[in-house]
Amino acid sequence: MTDPTLTSTAWMDRSWDAEAGLLWNAPGAFADVTDGPHTVHLVRETAFYAIGLLRRNGPGDHDRAEQALDAVLGQQYDEPGRPWHGTFVRFPEWPAPTDGAVEWVDYDPNWRQFVGAALAVAVTDFTLTPALAARARAAIDLAVAAEPPERVPPTYANIALLRAWLEAWAGSTDGTYAASVADAFHRHGCFVEHNSPTYYGIDLLALGLWQRADARPDLQALGSRIEGDLWADIARWWHADLGNLCGPYSRAYGMDLHAYVGGLGLALWCAELRAPLPDLAVDPLPHGHDLCVVPLLQHVGVRVPPGVRQHFERFAGARLVEQLVDTDPDRRATGWLDDDLLIGAEAGDSGLQARGQFHPATVHWRLPDGGIGWLRLLHHGPTSATAARRRLDAVCHPHPRRGPQTWRWDSNVEASATTQDRWELPGLEVRVTTDGTLTDPATRTYAPDPGGSTRVRLEVR
């Protein structure tokens, strides 16, 4: 098994721009918002790269790490009164935010926590020149002070966990916020960002920070308990043989962890367990920028409880799993895990639509060639679903403004036959019962019942 820090840092080496002191975007990194590889520089990822260089500590690595940190520190916004005050530039090539700037589009407020965490570890655990260390501490203080008190609710798990630790590190909190983050998790025994293959990696990174030897005792205790309980919940939904988390996914950037870089796969890699990852030598590497967090994740450590590790080494057997995610709004996840099959569903009245990062109805199975096949319901309207033994039931509600909408089942494989009530896919036969009407067999698109909500049942063989 390759060393995570050495492998990921060597991968980042290929994108280093010595003139700018920053990483270029590699092929596959931020592919959805950039114009191709080597078109923008990455600030957050360069901060993570610095940790990799400091950990590797080969010839020239320390000097390059300091150059990288110096360049990152030059990308912090210092504009009091502006909502982006104290955060960091995403891509220096993009226009600076001005009046009317849109959060998440023109700037990312969460870079305060991501970059701040890397800077804090760099100045605490490694020897930097006094001037650079002082600048880094000042930047962290600015990021913490500029964070609007109500921006990150305790339920916004991955950023809330990072924020709680960074504020404690900077000495600007009494622990109340961290306690509220822990309470939000223990209310139902999960994060509201439930089953999030990417953001579970950030959660585990932050929980590693909470348990550092120099962290406050209350954070250490809370972090240890949350991390143990989180791994126990992940294990319930994990299929070791298929190498995937059973859906539904509150937030996901893909359907198969073998096909893109996901945070949970990186955490399993750092924990020396079977880790689903794409071929890291391939260009483009889908969602490759997330590989950059590995040195920091490995540095803080990933602790999988001994009694849970076995679930990530071999499939624990067929089972139905269920999790109450939230009560306001009501959200309940169910999943069916079988030898070569995963079915995931989320029911409730959240009003969320089955598109983007939200995957409320999913199916995974083993393909004849050994790969992973998947189906995902896409619907521009509130969607609710429930999983049972080899069955998935979904309701596609009308869009609140546009009325009834078509819905379809996206997949990574082509069907050999598709009719109104039967699909034949490689390695999977699906029987369909619905009051919708098949309008496009190639994309499994159905027109809704014009009277309102449309129901569909999938039974798989």
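Strands β7 and β8 form a hairpin with two residues between them, where strands are DSSP runs of E with at least two residues, helices are runs of H or I with at least four, and both are numbered from the N terminus. The two strands, β8 covering residues 341-348, pair in the antiparallel sense over eight bridges, pairing being assigned if DSSP finds at least two bridges between two strands. Within this pair, T334 stands opposite A345 in β8. This is a predicted model, in which local features need pLDDT of at least 70 and side-chain atom pairs count only at pLDDT 80 or more, while totals for chains, interfaces and linings use all residues. Residues are numbered from 1 along each chain as its sequence is written, and side-chain values use heavy atoms, with hydrogens and water left out.

On its other pairing, β7 is joined by eight bridges to strand β6 (residues 319-327), and these two run antiparallel. They too form a hairpin with two residues between them, and the bridge partner of Q323 in β7 is A333. Seven of the nine residues of β7 (residues 330-338) are buried, so this strand is largely enclosed by the rest of the structure; buried means under 20% relative accessible area, exposed over 50%, and partly exposed in between, with a 1.4 Å probe and protein chains only.

Elsewhere, three strands form an open antiparallel sheet in the order β1-β2-β3. Here β1 (16-17) and β3 (41-42) stand at the edges with a single partner strand each, so one side of each is left without a neighbour in the sheet. Two bridges link β1 to β2 (residues 22-24) in the antiparallel sense, and D17 stands opposite L22 in β2.

The largest nonpolar core has 118 residues, and those with the most contacts inside it are L119, W165, W210, W231, L266, L291 and F312. Its largest share, ten residues, comes from α4. A core of this kind is a set of buried Ala, Val, Leu, Ile, Met, Phe, Trp, Tyr and Cys residues joined through side-chain atoms within 4.5 Å. A second, separate core of 28 residues includes W336, W423, L425 and V430. Leaving aside neighbours within four places in sequence, W210 is in contact (heavy atoms within 4.5 Å) with residues including L161, W165, V181, L219 and I226.

The structure holds 27 salt bridges, each being a side-chain nitrogen of Lys or Arg within 4 Å of a carboxyl oxygen of Asp or Glu. Three of them are set out below.

| Salt bridge | N to O distance |
|---|---|
| D125 and R212 | 2.8 Å |
| R236 and D233 | 2.7 Å |
| R422 and E424 | 2.0 Å |

D125 lies in helix α4 and R212 in the loop between α8 (199-210) and α9 (217-237), so the pair ties together parts that are 87 residues apart in sequence. D125 counts as partly exposed at 31% relative accessibility, whereas R212 is buried, with a relative accessible area of 11%. By contrast, R236 and D233 are three residues apart in helix α9 and are thus separated by about one helical turn; R236 is partly exposed at 29% relative accessibility, and D233 is buried at 5%.

A further place to look at is D435, in the loop between β16 (428-434) and β17 (437-440), which counts as partly exposed at 37% relative accessibility. Not counting residues up to four places away in sequence, D435 touches D449, S453, T454 and R455.
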